[in-house]
Amino acid sequence: MRTDLVAVPVIITDSNGRRLSGLKLEDFQVSDDEGLARIDYFAAGTDRVALLFALDASGSAREILVQQREAAGALFSKFGHGSRVAVLHFGEFVRLTVPFTSNSEAAEQSFNTPGKETKGTAIFDGAAAAVRSFDGSGGFSTERRIVILMSDGLDTLSSTRPADVVAAARARGVSFYVIHFQLFTPRDGRLAPRPPSKGFRELAEQTGGRYFKFGDARLALNPNARYDLAPVFQAIDEDLRGQYVLGFYPRQAARDAKAHRITVNLLKREYRKFKVLQLKSEYTLKD
């Protein structure tokens, strides 16, 4: 059995940026340097998802995260039986708390991990570790790889550049869904939101995911505030259902250890006005 299937995650959007669901295999065309390729695998939606929760372990975000345990489990339960989940915590240090598993209960419980006093937060180091966690973790080449990163957005310790995280994610077909818990600071007699570190939002926007801002000044002033991310998780679920994975087997000539470009197009004339976003644009094979 051949094991060199090249899987290409694809998102189709209309002129307003809305994801389009309901497309079929015959609507797509795939080619590489050698010409047109036969599509040997096609999947739509969330039949097989590898989902990693990257959680900010610093004090500012921990209490919010504890409240999201059940909502996170409910999101994972909507995915197909071949799906997997993992949890990573980051603060001053980065730790893969729960390696990839089909046991959603273990992932849910890890949301209750006690917080620790830290000297800062290494968001981009954590994001880079999240991407690397998919390497050698098992699973299938055709699964959708998703990181849901939840943080206040203030990075003070990372040695990793945001651009390097984006490049690594795109090379592995990983999309970031970033949930930004806004922090506020007094300014001119009122509370104003603090902007996140440069590159935080781009983790989502440049990897085919989405960026969500959560919280307001009213909640920030209430020490007993209850946060509910269920609507955000529902939006992520709906977003994933508008995505596709196309797979093809390259020709023998492609086994030259060189990078080969991949191009995905829509065939029907009425679909050509839509935008095709490929989360993987090249592949490399060795003989």
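User: Which strands and helices each supply at least two residues of the lining of the largest pocket?
Analyst: Strand E1 (6-13), helix H5 (162-172) and strand E16 (282-284). The model is predicted: local features need pLDDT of at least 70, side-chain atom pairs count only at pLDDT 80 or more, and totals for chains, interfaces and linings use all residues. Numbering starts from 1 along each chain as its sequence is written, and side-chain values use heavy atoms, without hydrogens and water. Helices (H or I, at least four residues) and strands (E, at least two) are DSSP runs, numbered from the N terminus.

User: Which one gives the most to that lining?
Analyst: E1, with three residues.

User: What volume does the largest pocket have?
Analyst: About 520 Å³. On a 1 Å grid over the protein atoms alone, a pocket is an open set of points where a 1.4 Å probe fits, with protein on both sides within 12 Å along at least five of seven lines; lining residues have an atom within 4 Å of a point. The volume is the space filled by probe spheres set on the points, which are joined across faces, edges and corners.

User: Which residues are closest to its centre?
Analyst: Leu5, Val6, Ala7, Ser141 and Lys280, out of 21 lining residues.

User: New topic. Which residues have the most contacts inside the largest nonpolar core?
Analyst: Leu51, Phe53, Ile148, Met150, Ile179 and Phe233, in a core of 33 residues. H8 gives the most to this core, with five residues. Such a core is a set of buried Ala, Val, Leu, Ile, Met, Phe, Trp, Tyr and Cys residues joined through side-chain atoms within 4.5 Å. Buried means under 20% relative accessible area, exposed over 50%, partly exposed in between (1.4 Å probe, protein chains only).

User: What does Ile148 touch?
Analyst: Among others, Leu51, Phe53, Tyr177, Ile179 and Phe233, leaving out residues up to four places away in sequence. Contact means heavy atoms within 4.5 Å.

User: How many residues of E8 are buried?
Analyst: Eight of its eight. One side has Arg144, Ile146, Ile148 and Met150, the other Arg145, Val147, Leu149 and Ser151.

User: How many bridges join E5 to E8?
Analyst: Seven, and the two strands run parallel. Leu51 has Ile146 as its bridge partner in E8. E8 and E9 also run parallel, joined by seven bridges. Strands pair if DSSP finds at least two bridges between them.

User: Last one. Where is Ala257?
Analyst: In the loop between strand E13 (243-248) and strand E14 (259-266).

User: Buried, or partly exposed?
Analyst: Ala257 is partly exposed, at 45% relative accessible area.
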